[in-house]
Amino acid sequence: VARQSVHKLASLQKATTLPPKKVQSLLYPFSMLEDYLDRSVDRMQFQLFHPSVEDMAKAEKLYCSSQSHKIDYYTSAERMDHVPTLKQPEVCFIGRSNVGKSSLIKALFSLTPEVEVRVSKTPGHTKKMNFFRVGKAFTIVDMPGYGHRAPKDFVDMVEPYLYTRKNLVRTFLLVDGSVGLQKADLIALEMCEEIRCPYVIVVTKIDKCGHGALLSNLIHLQDVVKTETISCFPQPFLVSSLQFWGIYLLRCFIAHVTGSIRLTNTSQS
Ligand SMILES: Nc1nc2c(ncn2[C@@H]2O[C@H](COP(=O)(O)OP(=O)(O)OP(=O)(O)O)[C@@H](O)[C@H]2O)c(=O)[nH]1
Ligand SMILES: [Mg+2]
């Protein structure tokens, strides 16, 4: 199946050449690790948000631009006094430089390729807060990474934004699943705790390492989330922006937390 065609759920479902297990991994990436999990590990914490495929299809519509629902790059800001005043709910993506923030936003917007999200192999590529509007439904903000010009960018932009942004409904803290939690990730985690803003951990680049390494990084992460956090959503979202794993689920979660869709059933697992 051409990479392009799996960007849309309908074409993914029609792609009969894909074995059901592969489709399941694309939609619910945690399922690819289940066989490797010890029986004693509670699977529930990885499947708290487990929408139906119909709900994911409903959410997907929001990511398709149309005359009445325009998706576009809106503006960039280097300081809080340049940040646009917007009413719609907002979500932002933070994390170390090179962790894959811009790539993830690009994957979320793959159904609207005219929206340009710039990614780069060189850490420190995103230098401003970039605002993307999804119609009147919500805004997605791509942030500069910490680690590259840290603490400057962070102190100047990310922290004040997180502390003061009134319409911010969720922060997505990205950690690289192929290398596991780093010192800088823990500093960001502590900051999110201090701010007490609800945040969610997204585990990126899950295509880059073996299942064993990913699982041990994930178990360690879960341990930290369980013992050291209050404001963190207990379920990490696993994604590969290159392979597209987990993108459908994350689109649906963002649609859900911004109040843009009503889920038909949230309790199945
Ligand atoms: N294998 C793999 N590589 C990825 C994935 N996501 C991003 N990358 C690569 O990681 C590098 C950095 O990606 P970006 O999306 O620019 O990272 P960023 O977090 O926005 O970085 P800054 O803007 O510097 O903070 C690029 O070379 C991407 O191709 C992924 O899911 N899998
Ligand atoms: Mg970037």
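These legends go with several views of a predicted model. Residue numbers start from 1 along each chain as its sequence is written, while chains are lettered from A and ligands numbered from 1 in the order in which they are written. Since this is a prediction, local features need pLDDT of at least 70 and side-chain atom pairs count only at pLDDT 80 or more, though totals for chains, interfaces and linings use all residues.

**View 1. The whole fold.** The protein has nine helices and seven strands (DSSP runs numbered from the N terminus: H or I of at least four residues for helices, E of at least two for strands). Its radius of gyration is 18 Å, close to the 18 Å from the globule rule for 269 residues, so the protein is as compact as a globular protein of that length (C-alpha atoms are used, and the rule is 2.2 Å times the number of residues to the power 0.38). The C-alpha trace spans about 50 × 45 × 35 Å along its principal axes.

**View 2. The largest nonpolar core.** This core has 69 residues, and F93, L173, V202, V203, F237, V239 and L249 touch the most other members. Helix α9 (residues 247-257) gives the most, with eight residues. A core here is a set of buried Ala, Val, Leu, Ile, Met, Phe, Trp, Tyr and Cys residues joined through C-beta atoms within 7 Å; buried means 20 or more other C-beta atoms within 10 Å of a residue's own, exposed 12 or fewer, and partly exposed in between, with C-beta atoms placed from the backbone. Zoom in on V202 and you'll find it touching L104, F172, L174, F237 and V239, not counting residues up to four places away in sequence (contact: C-beta atoms, placed from the backbone, within 7 Å).

**View 3. Helix α5, mostly under cover.** Seven of the eight residues in α5 (residues 101-108) are buried, namely K101, S102, S103, L104, I105, A107 and L108. They pack against β2 (90-95), β3 (129-134), β4, β5 (168-176), β6 (199-204) and α9.

**View 4. Around ligand 1.** Ligand 1 is surrounded by 25 residues, with G100, S102, S103, T126 and G145 the closest (the C-beta atom, placed from the backbone, must lie within 6 Å). Helix α5 supplies the largest share of this shell, three residues.

**View 5. Y146 in its loop.** Y146 sits in the loop between β4 (138-142) and α6 (152-164). Y146 is buried, with 25 other C-beta atoms within 10 Å. Leaving aside neighbours within four places in sequence, its contacts are R96, S97, D153, F154, V158, A184 and A188.

Key
Two residues are in contact if their C-beta atoms, placed from the backbone, lie within 7 Å.
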